[in-house]
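Reader: Hi, I'm new to this! Could you walk me through this model?

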Amino acid sequence: VGGHHTPQTGPMKPAGVKRIIAVASGKGGVGKSTVSSNLAVALSRAGKKVGLLDADIYGPSQPRMMGAKGRPASPDGKTIEPLHAHGVTLMSIGFMVEEDKAVVWRGPMLMGALQQMLGQVNWGELDVLIVDLPPGTGDVQLTLCQRSELSGALVVSTPQDVALIDARKAIDMFGTLKTPVLGLIENMSTFTCPNCGHESHIFGHGGVVDEAQKMGVPLLGQLPIDLDTRLAGDAGTPIAAGEGPMAQAYAQLAQGLIR
Ligand code: ADP
């Protein structure tokens, strides 16, 4: 992946893939990768054939969050075999570079890597391919929207103003690129004290609800700050793979997408 690959023109949606859904955010650290992995697992548990493409080239989180390690094989030197974890077909730039090594690439190399991960990976038959985008509104988003026939994008934000301002920009970008925004997902919306049960709004309250209304975009879900979600992600078994309220919340989110 990467190398001196010159991006070609033309669409690059893999033949067996029915829908590509991108998960975006304006800012980093709002939980975009956490939502991507959990949504992928929840969709798989709902009986869908699901792929997850970690396109967060500068900070690939999915190898860790999905608990998948190893170098994808390429028996014929052309196609790349994806990995599999928790019922999800998985590809990440992180499989190609060491965890503590930085990816220092210019735009054209990025595009080459993205193109390879879409076009040369043996995705097989998929109902949905979830793409975990890098944060912001850069080259990867542009290329993906213009070239891969995205079915739509989900935008993840916390209720905090600084996150919302950037989420608005992401929504605006998808509008410009004519990619439908399927909805907003509010992450880290509330925190319930494990000792006294008091609910606090650490990152603010109501901002995402208002924003969704203002922009005419559906609010698909509100996910609390949850210690087990963080622990599960770090341990490589997304919370959606288990039982309990968070797994149910992700199952519901998945249902909303396949309705
Ligand atoms: P992004 O992809 O937007 O950069 P991540 O998914 O990597 O964000 O999340 C950033 C950090 O916050 C990670 O350590 C993750 O485990 C944690 N995190 C994400 N969502 C939640 C949540 N709802 N509750 C608790 N921790 C969360």
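Reader: Which residue follows α4, and is its phi positive or negative?
Author: That's Glu 149, and its phi is positive, near 50°. Most residues other than glycine have a negative phi. Please keep in mind that this is a predicted model, where local features need pLDDT of at least 70, side-chain atom pairs count only at pLDDT 80 or more, and totals for chains, interfaces and linings use all residues. Residues are numbered from 1 along each chain as its sequence is written.

Reader: Which residues of α4 are buried?
Author: Val 140, Gln 141, Leu 144, Cys 145 and Arg 147 are buried. "Buried" means 20 or more other C-beta atoms within 10 Å of a residue's own, "exposed" means 12 or fewer, and "partly exposed" is in between, with C-beta atoms placed from the backbone.

Reader: And what do they pack against?
Author: The buried residues of α4 pack against β1, α3 (107-119), β5 and α5. Contact here means that the C-beta atoms of two residues, placed from the backbone, lie within 7 Å.

Reader: Where else is phi positive in a residue other than glycine?
Author: His 86 is one case, with phi near 50°, and Met 188 is another, with phi near 60°. His 86 is in the loop between β3 (83-85) and β4 (88-92), while Met 188 is in the loop between β7 and β8 (191-192).

Reader: Are those two buried or exposed?
Author: His 86 is buried, because 22 other C-beta atoms lie within 10 Å. Met 188 is buried too, with 25 such atoms within 10 Å.

Reader: Switching to strands! How many residues of β2 are buried?
Author: 5 of the 5 residues of β2 (residues 50-54) are buried, so the strand is largely enclosed by the rest of the structure. Val 50, Leu 52 and Asp 54 point one way, with Gly 51 and Leu 53 pointing the other way. In a regular strand the side chains alternate between the two faces of the sheet.

Reader: Which strands does β2 pair with?
Author: β2 pairs in the parallel sense with β4 over 5 bridges, and likewise with β5 over 5 bridges. To count as paired, two strands need at least two bridges found by DSSP. Val 50 stands opposite Val 88 in β4 and opposite Val 128 in β5.

Reader: And how is β6 joined to β7?
Author: They run parallel, joined by 5 bridges, and Val 156 has Ile 185 in β7 as its bridge partner. The chain gets from β6 to β7 through helix α5 (residues 161-176), in a right-handed β-α-β crossover. Right-handed means that, with the strands pointing away from the viewer, the path from the first strand over the helix to the second runs clockwise. β6 (residues 152-157) also pairs with β1 (residues 17-24), in the parallel sense over 4 bridges.

Reader: I see a ligand! Which residues come nearest to it?
Author: Of the 17 residues around the ligand, Gly 31, Lys 32, Ser 33, Thr 34 and Arg 230 come nearest. A residue is near if its C-beta atom, placed from the backbone, lies within 6 Å. Helices α1 (32-45) and α7 (227-235) each supply at least two residues of this shell.

Reader: What does Ser 37 touch?
Author: Ser 37 lies in helix α1 and touches Leu 52, Gln 62, Met 65, Met 66 and Pro 238, not counting residues up to four places away in sequence. It is buried, with 34 other C-beta atoms within 10 Å.
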